[in-house]
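The following exercises are intended for a reader new to this structure.

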Amino acid sequence: MGYCEDIAEKVIGGKAKEVVALVEQALAEGENPEDLLTKGLMAGMNVIGEKFKLNEVFVPEVLVAARAMNKGMQVLKPALAKAGAEPLGKAVICTVKGDMHDIGKNLVKMMIEGRGIECIDLGTDVDAERVVEAVKENGAQIVCLSALLTTTMNAQKDVIDALVAAGIRDKVRVMVGGAPVTQEFANEIGADYYTLDAASAAEVAEKALKEMNGK
Amino acid sequence: MTNRERTSNILHFKAADRMPAVHFGYWTELLEEWAGQGYIDRSILDGYYDGGPKDNELDRIIGWDYNWQHVFCGNNGLMPRFEHKVVKEFPDGSQAVQNGNGIIEKIHPGVISIPAEYDYLLKDREAFETLFKPKMALNIEKRVDFDFFGRFNTDIYEKTDVPLGIHLGSVMGSIRDMTSVMGMSYLMYDDDEELFGDIVDTFAEMQYEVAKAVLETGAKFDYAHYWEDICFNGGPLLSPTLFEELCAKHYKKRTELCHRHGIDIISLDCDGVVEKLLPVWVENGVNVMFPIEVGTWGDQFEKARKRFGNAVLGVGGMDKTALRKDKKAVDAELERMKRLASLGGFIPCPDHRLMPGSKFELVVYYCEEIKKIGW
């Protein structure tokens, strides 16, 4: 097996230290950093994403895989920057105002980063104006909003309204998710996408960006 | 019939005079709303707890028969708990706060929400041995009030007509609460799998001994109860295979303990979609699903009954959000509850604590009507 396959296997197994060692070794031997990213780290994360969607792996396996991938990314970043590699696009992600819960949001972020999308994580209890600000500051094309509670999900609509008021609604695609959120609710509030799980969210984000970038 | 008798009969597939009106408690914010609206006296909020005198008073006002979570136990948690303290303040007013389980949570004073996990203490073997294991030590004399349980039958059991439960603790939910979801994941799969097993076993053994000590006082209970909360709308927070490997033996041992003491109703509180963990529970003696959260995924009870037959009983399954809507929504839930009750071994109950926005008059209406569905 080559380095890429080894790295992918170790990401899938959630073996962070081994991923770091392999990436370091691969770079030292002159392997292409973009290949290590796409065919190694991201490939491993994509396998985990598919298995998560199919209920073949569960939250802990996603979290350890994401940790392994991120540790590998930290080693790879300088080499990628030198090679001029660009992310597929940018996404702003947060848990909405009034809601502190972040596990779902963090899972989505990990999966989205696994697709080569740069994620600007605003954290939790984020008001609509802060989301608008972050979209403008970063040129983000995707907005991901998480809500855990029936009492906070309406804050997702507040963000959409704020994007409209700021005149940038048509520049972004808004994705919503979280325990009480449904496709019906997403339609009602004018979101572009609703996804049931983190892996689907990443898939949809990638597809949306490729569409928006004309690919 | 007393509530104890009708509950026992229904859960044993025997005739009962009527269905009891059972609930799971309230968000504090809802009680504050109702007090503000003049439906209840504000004094009810002082010292409210599940199954306590204020809860019983609310039952009488609203028309509930009882709260399913009327449970007793010794101290089966970390003892002493970690100091509750603010460890960091953020510019936006939020705080990182260490809780009693050794998790540092991010909260925002005034924001009512499940907190975010910010950090945690239980990261490695050293932390377990020095910080946590001492708090899991048995010290049975400190954990169990033998005097209280010695008088339990005459002082409490024989003076109430509602079912009373022994709380058996939590095999995995408590571990998650000590390690955080992230910490649990890293330990289970990468950092120290053996350690994770040791944590589960050490805590479970202590909880078993506490339950055993309570039962050996001769205190009577109508059911046993666990709390787990290790599922969400996407299913379990961990692999069912690993869950079985780590936890099945502990459920089995507690079931055997309960059976030896004449308790054959064993309920387990887990929110979210529980389908993938049900086999582990059912095969090891848990027979009551609770609160059977409806969420966005719908009913789980009928599917479980089809799969496991009468080995699965249920308390729960009523979509509590109907109580925030209107009479039409409540009537639709009553029809659905009637249908589930007709399967036998099922007692309707709101699928979690009643939340802010629940309308007082709709709750009263629900209590009146649920009692009429008969059995």
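Two residues are in contact if their C-beta atoms, placed from the backbone, lie within 7 Å. The structure is a predicted model.

**Exercise 1. The interface**

Determine how many residues of chain A are in contact with chain B, and which element contributes the largest share on the side of chain A.

*Solution.* Step 1: apply the contact criterion across the two chains. This gives 28 residues of chain A in contact with 30 residues of chain B. Step 2: assign the residues of chain A to their elements. Helix α4(A) supplies the largest share of this side, with 6 residues. Step 3: sort the side of chain A that touches chain B by class. It comprises 12 nonpolar, 9 polar and 7 charged residues.

**Exercise 2. Two helices of chain A**

Decide how α1(A) and α4(A) are oriented to each other, and name the residues that make their contact.

*Solution.* Step 1: consider the axes. Those of α1 (residues 3–13) and α4 (residues 59–82) of chain A come within 6 Å and cross at roughly 140°. Step 2: classify the angle. Angles over 145 degrees count as roughly antiparallel; α1(A) and α4(A) are therefore oblique to each other. Step 3: list the contact. Helix α1(A) contributes Ile7(A), Lys10(A), Val11(A) and Ile12(A), while α4(A) contributes Ala65(A), Ala68(A), Met69(A) and Gly72(A). By class, these are 6 nonpolar, 1 polar and 1 charged residues.

**Exercise 3. The sheet of chain A**

State the order of the strands in the open sheet of chain A, and identify the strands at its edges.

*Solution.* Step 1: follow the pairing. The 5 strands of this parallel sheet are ordered β2-β1-β3-β4-β5. Step 2: find the edges. Strands β2 (118–121) and β5 (193–194) of chain A each have a single partner strand, so one side of each lacks a neighbour in the sheet. Step 3: examine one pair. Strands β1 (residues 90–95) and β3 (residues 142–146) of chain A run parallel and are joined by 5 bridges, and Cys94(A) stands opposite Leu145(A) in β3(A). Helix α9 (residues 198–212) of chain A lies across β1, β3, β4 and β5 of chain A, at about 175° to β4(A).

**Exercise 4. Strand β14 in the sheet of chain B**

*Solution.* Step 1: read the order. Step 2: inspect the pairing. Strand β13 (residues 288–290) of chain B is joined to β14(B) by 2 bridges, and Val288(B) has Leu313(B) as its bridge partner. Strands β14(B) and β15 (residues 346–350) of chain B pair over 5 bridges, with Gly314(B) partnered by Phe346(B).

Definitions and conventions. Residues are numbered from 1 along each chain as its sequence is written. Chains are lettered from A and ligands numbered from 1 in the order in which they are written. This is a predicted model: local features need pLDDT of at least 70, side-chain atom pairs count only at pLDDT 80 or more; totals for chains, interfaces and linings use all residues. Axes are lines fitted to C-alpha atoms, for helices over the stretch in contact, and angles run from 0 to 180 degrees between N-to-C directions. Helices (H or I, at least four residues) and strands (E, at least two) are DSSP runs, numbered from the N terminus. Angles under 35 degrees count as roughly parallel, over 145 as roughly antiparallel, 65 to 115 as roughly perpendicular and the rest as oblique. Ala, Val, Leu, Ile, Met, Phe, Trp, Tyr, Cys and Pro count as nonpolar, Asp, Glu, Lys and Arg as charged, and the others, Gly among them, as polar. Two strands pair if DSSP finds at least two bridges between them.
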